[in-house]
Amino acid sequence: MTNKSDYKPPKVWTWISENGGTFAKINRPIAGATHDKPLPVGKHPFQLYSLATPNGVKVTVMFEELLQMNIHDAEYDAWLIKIRDGDQFGNGFVEVNPNSKIPALLDHSLSPPIRVFESGNILLYLAEKFGAFLPQSTAERSECLSWLFWQMGSTPYLGGGFGHFYAYAPSKMEYPIDRFTMETKRQLDVLNRQLAINDYISGADYNIADIAIWAWYGQLVLGRLYKAAEFLDVKSYGHVLRWAKSIDARPAVLRGRMVNRVSGIPEMQLRERHDADDFKTNTQDKIANRLSK
Ligand SMILES: N[C@@H](CCC(=O)N[C@@H](CS)C(=O)NCC(=O)O)C(=O)O
């Protein structure tokens, strides 16, 4: 085992704000707002404040899937929250999500508007509101929600554990990488076994469990997270790969991945979405073209 540390925890932990690592500048041990910044409000019933991380993508995929079904009441404005700049600590955002994490949603179709936070609850809220992507029978609904909650409980080991220590920590430490790689591979095996006997996660049909789990584990096996596909030997999870590719091919999933994206190829970045036409006219390549004229 390499990188043994001789760190001895003090009696009382104190915050040293610059401890290194990719998120050192935004992580802090205190909740609440740090500055005044009201949130913008657009014209649609739903106001989403987010970023195209896997947790954010869950919600934009869900909106685009609802719109793909011609459910026009699911129209939404997607505003960009730059978490690396600390936008999640503005007072407007904290009023919508006291936990200062994207995604956060306001449903203005009701008065007063309803706030919804935690991506799993946003998926459930929209699925119930529109009667879509959530099975109706007690048995199937429960199976779907078991997997939705599985994702919410399991993914912190993948993101906060494996991803953090493999990709973001200031140095590579064998102990945490080993521990969280083991757990991540175990989780992939759980999914692989489930998908060996089912087309989709909770049975024969695509639903919010697939949307939630695909955003993380689907994108992981497609090589989009942490540059870890080879390290995790993702090709050994053949059923997960088959499922991930089939969801990746859905038009709504492609659009959902584009919304609130600030990195990657300009054609894939629709930093804010206020209209269905924005996908054709307001991606970063189109904006750059207009500015260069
Ligand atoms: N359990 C939450 C997790 C949300 C979350 O961790 N969001 C991250 C981006 S993926 C975030 O906003 N981080 C900002 C911060 O930690 O300050 C959910 O699923 O909505």
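Two residues are in contact if their C-beta atoms, placed from the backbone, lie within 7 Å, and of the contacts in the chain with a separation of 6 or more, 66% are between residues 24 or more positions apart. The structure is a predicted model, in which local features need pLDDT of at least 70 and side-chain atom pairs count only at pLDDT 80 or more, while totals for chains, interfaces and linings use all residues. Residues are numbered from 1 along each chain as its sequence is written.

**Overall fold**

- The chain has ten helices and four strands, where helices (H or I, at least four residues) and strands (E, at least two) are DSSP runs numbered from the N terminus.
- Along the sequence these elements follow the pattern β-α-β-α-β-β-α-α-α-α-α-α-α-α.
- The radius of gyration, taken over C-alpha atoms, is 20 Å, close to the 19 Å that the globule rule (2.2 Å times the number of residues to the power 0.38) gives for 293 residues, so the chain is as compact as a globular protein of that length.
- Taken along the principal axes, the box filled by the C-alpha atoms of the chain is roughly 60 × 50 × 45 Å.
- Of the 293 residues in the chain, 36% are buried; a residue is buried if 20 or more other C-beta atoms lie within 10 Å of its own, exposed if 12 or fewer, and partly exposed in between, with C-beta atoms placed from the backbone.

**Surroundings of the ligand**

- The ligand is surrounded by Ile 26, Thr 53, Asn 55, Ile 83, Gln 88, Ser 100, Lys 101, Ile 102, Pro 103, Glu 118, Ser 119 and Gly 120, where a residue is near a molecule if its C-beta atom, placed from the backbone, lies within 6 Å of it.
- This shell has four nonpolar, six polar and two charged residues, with Ala, Val, Leu, Ile, Met, Phe, Trp, Tyr, Cys and Pro counted as nonpolar, Asp, Glu, Lys and Arg as charged, and the others, Gly among them, as polar.
- Two members of the shell, Ile 102 and Pro 103, are joined by a cis peptide bond with omega near 0°, and Pro 103 is placed in the loop between helix 2 (91-96) and strand 3.

**Strands and their pairing**

- Strand 1 (residues 46-50) and strand 2 run parallel and are joined by five bridges, two strands being paired if DSSP finds at least two bridges between them.
- Within this pairing, Ser 50 stands opposite Leu 80 of strand 2.
- Five of the five residues of strand 2 (residues 76-80) are buried, so this strand is largely enclosed by the rest of the structure.
- In a regular strand the side chains alternate between the two faces of the sheet.
- In strand 2, Tyr 76, Ala 78 and Leu 80 point one way and Asp 77 and Trp 79 the other way, and all are buried.
- Strand 3 (residues 104-107) and strand 4 (residues 114-117) run antiparallel with four bridges between them, and Asp 107 has Ile 114 of strand 4 as its bridge partner.
- A hairpin of six residues links strand 3 to strand 4; Pro 112 lies in the loop between these strands, and its peptide bond with Ser 111 is cis, with omega about -5°.

- Helix 1 (residues 54-68) has 15 residues and reaches 20 Å from its first C-alpha to its last, close to the 21 Å expected at 1.5 Å a residue, the expected span being 1.5 Å times one less than the number of residues.
- Helix 1 is mostly covered, with 13 of its 15 residues buried, and just after this helix Asn 70 takes a positive phi of about 65°.
- In helix 8 (residues 251-258), Val 253, Arg 255, Gly 256, Arg 257 and Met 258 are buried, and the buried residues of this helix pack against helix 1, helix 7 and helix 9 (278-281).
- Asn 260, which follows helix 8, has a positive phi near 60°.

- Tyr 226 is found in the loop between helix 6 (208-221) and helix 7 (238-248), has a positive phi near 60°, and counts as partly exposed with 18 C-beta neighbours inside 10 Å.
- Asp 233 is placed in the loop between helix 6 and helix 7, has a positive phi near 50°, and counts as exposed with 11 C-beta neighbours inside 10 Å.
- Pro 40 is in the segment before strand 1 and counts as exposed, with 12 C-beta neighbours inside 10 Å.
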